[in-house]
Amino acid sequence: MKKNIVLFTLFILPIVAYLFFASGINSFAKLPTITEKIPDISQWKTADGKTVTLNDKITILGFTGSKVIYNEGNFFNLNQKIYNKNKNFKDFQFVMVAPKGSEGQVQELMDKLKPIAEDKDISKWIFVFGAPDEIKDYYSKLNLVGQLDANSGTANVYIVDKERNLRGRKGKNLEGKNEYKEGYNTISAADLHNEMSDDVKIILYEYRAALKKNNPKTEMKRKI
C-alpha cells in the first residue's frame with residue numbers, strides 16, 4: 001500500500017498537477033513572452049522611500065493613473081480574484097506605478113483594501129511613485145499595443161516573470177488557434193477570474209516544476 005502511495009506521488013501526481021495548471025482557457029503549455037527583458041523599476045520609490053525591483057520576482061505590474069480612488073473598483077477586483085489566491089507564494093508581488101502627488105489616494109486605497117484582503121495582509125501590494133513623463137517613457141519601452149490614458153494609467157495589469165519578461169498569450173495555442181493577450185482588464189472580474197487566474201497558474205507551475213527539477217529537497221520546504 002505504501003509503495004503504491006509513493007508511486008502515485010512521484011509519477012501520477014505531477015502529471016495531474018500539470019494538466020490542472022495547463023488546462024482551462026489558456027491552452028499554452030508554457031506562457032509565451034510578449035516583451036523580453038523589460039526595464040526594472042528601481043528608479044522609483046515607495047511612499048516610505050524604499051526601492052523595489054522586478055528582478056527575481058513574479059510580478060503583477062500595473063499603472064494606476066492619477067485617479068486612484070475613482071478607479072478603486074479595479075483594485076478591489078484584482079484583490080479578490082488574484083491577490084488573495086496567490087499572495088502566499090514566495091517571490092510574488094503586486095507592483096503598481098503611480099504618479100507623484102497621488103500618495104494620499106494610494107494610502108486611502110490601502111486602507112480600503114486591508115479589510116477585504118485575506119488575513120488583512122496587504123504586504124504584497126506595493127506602490128511606487130514617479131513623474132508622469134517618466135511613467136509614460138517607461139511604459140513605451142514595454143512595446144505593447146495598449147497605451148496609457150491621459151492620467152498616466154491603464155485598467156490593464158501585466159504578468160512579469162523573474163527574468164523581467166512580460167508574459168501573456170501570443171501565437172498558436174495547443175489547439176492551433178491564434179491568441180494574443182498582453183494584459184488583463186481589471187474592470188472585468190470575468191477576465192481576471194478566468195483568463196488571468198489561469199495564466200498565473202501556468203507561470204507559477206513553471207517555476208515550481210523548475211525548482212523541483214533542480215532541487216527537489218528545497219522545493220519540499222518552500223513555495224515559489
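**A walk through the aromatic rings and the core**

A search of the whole structure finds 12 aromatic pairs, where rings of Phe, Tyr and Trp (its six-membered ring) pair if their centres lie within 6.5 Å, with planes under 30 degrees apart called stacked, over 60 edge-to-face and the rest tilted. Please keep in mind that this is a predicted model, in which local features need pLDDT of at least 70 and side-chain atom pairs count only at pLDDT 80 or more, while totals for chains, interfaces and linings use all residues. Residues are numbered from 1 along each chain as its sequence is written, and side-chain values use heavy atoms, leaving out hydrogens and water.

Let us begin with Tyr83 and Phe94. Their pair is edge-to-face, with 5.1 Å from centre to centre and 70 degrees between the planes. The pair links distant parts of the chain, since Tyr83 is in helix H2 and Phe94 in strand S3, 11 residues apart; helices (H or I, at least four residues) and strands (E, at least two) are DSSP runs numbered from the N terminus. Both residues are buried, a word used for under 20% relative accessible area, with exposed for over 50% and partly exposed in between (1.4 Å probe, protein chains only). Trp125 and Phe127 form a stacked pair, 6.2 Å centre to centre and 15 degrees between the planes, and both are buried too. One aromatic cluster takes in Phe75, Tyr83, Phe92, Phe94, Trp125 and Phe127.

Now for the core. The largest nonpolar core has 33 residues, and Leu78, Phe94, Trp125 and Met196 touch the most other members. Such a core is a set of buried Ala, Val, Leu, Ile, Met, Phe, Trp, Tyr and Cys residues joined through side-chain atoms within 4.5 Å. Elements giving two or more residues to this core include helix H2 (72-86), strand S3 (92-99) and helix H5 (189-214). H5 provides the largest share, seven residues.

H2 has 15 residues and reaches 20 Å from its first C-alpha to its last, close to the 21 Å expected, a span of 1.5 Å times one less than the number of residues. At Asn79, H2 bends by about 45 degrees, the angle between axes fitted to the seven residues ending there and the seven starting there. Among the buried residues of H2 are Phe75, Leu78, Asn79 and Tyr83.

Finally, turn to a loop. Ser152 lies between helix H4 (132-140) and S5, and has a positive phi of about 65 degrees although it is not a glycine.
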